Amino acid sequence: MSSIRLFILSSFAELGPMHGHRLRLEAERKHMPLWTDIPVGAVYGAMKRLAAENLLREVGREQHGNRPTRQLYEITDAGRDALAQLRRAGLEEVWFRYDPFDLALTRCDPATLDMLPQTLRVRLERVQAMLTASSNTLATATPHISLAEEWALRHSEHRLKAEVEFLSALVDAAPVIVADELRPRPKKPKNELGASISRQPADADDAHG
């Protein structure tokens, strides 16, 4: 599922013919980088790729005053078919990406383990700042956006709140994690299937006759 393709095709379906600069302004107006994975500057290249696939087509050129001439595009019938598929996929597919942070947490440099608690506190502060920015954006944008767009912004806010809660607990656990990395706790043996072996007393069978 491509977020940028969904954004571009749906914008053309909603707004009609336009040039790349107007599309970029639309992405900025909707604060796309704050709640999607869409870099605003990427819309130009993505538009050209969609045109090469015949999902958009050039319908003219526009010039105002001394400004550069801009190409106008519109969505094609094939583009509308692709948009319908993207809309379904965006709502139906569940996307979960593992955070590289989790792998890094399990591969800390033994020589700098004592810095882990402070590193985690700095990360927490950054995520808290992101949450504050997200909340401020939501409060500012709410009077000017649709209810669906408001809930999309709220999704990002809820995810950041969950991350703050997780990192706060992790910061508290950091000293214990450092100690465990320096002196690892004994691991339970595993059988061939990878499941932990449940050890029974030597006379367990005798106890049942």
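Here is a short tour of the model, stop by stop.

The structure is a predicted model, in which local features need pLDDT of at least 70, side-chain atom pairs count only at pLDDT 80 or more, and totals for chains, interfaces and linings use all residues. Residues are numbered from 1 along each chain as its sequence is written, and side-chain values use heavy atoms, with hydrogens and water left out.

**First stop: the largest nonpolar core.** Select F7, I8, L9, F12, L23, M47 and L56, which touch the most other members of this 22-residue core. A nonpolar core is a set of buried Ala, Val, Leu, Ile, Met, Phe, Trp, Tyr and Cys residues joined through side-chain atoms within 4.5 Å; buried means under 20% relative accessible area and exposed over 50%, with partly exposed in between (1.4 Å probe, protein chains only). With five residues, α1 (3-15) gives the most to this core. Helices are DSSP runs of H or I with at least four residues, strands of E with at least two, numbered from the N terminus.

Now centre on I8: leaving out residues up to four places away in sequence, I8 touches L23, V43, A46, M47, L50 and L56. Contact means heavy atoms within 4.5 Å.

**Next: the second core.** Pick F101, L124, L131 and L170, which are among the 15 residues of a second, separate core.

**Then: helix α7.** Select residues 116-141, a helix of 26 residues that reaches 37 Å from first C-alpha to last, close to the 38 Å expected; the expected span is 1.5 Å times one less than the number of residues. Its buried residues, including L120, V127 and L138, pack against α3 (32-35), α6 (100-105) and α8 (147-182).
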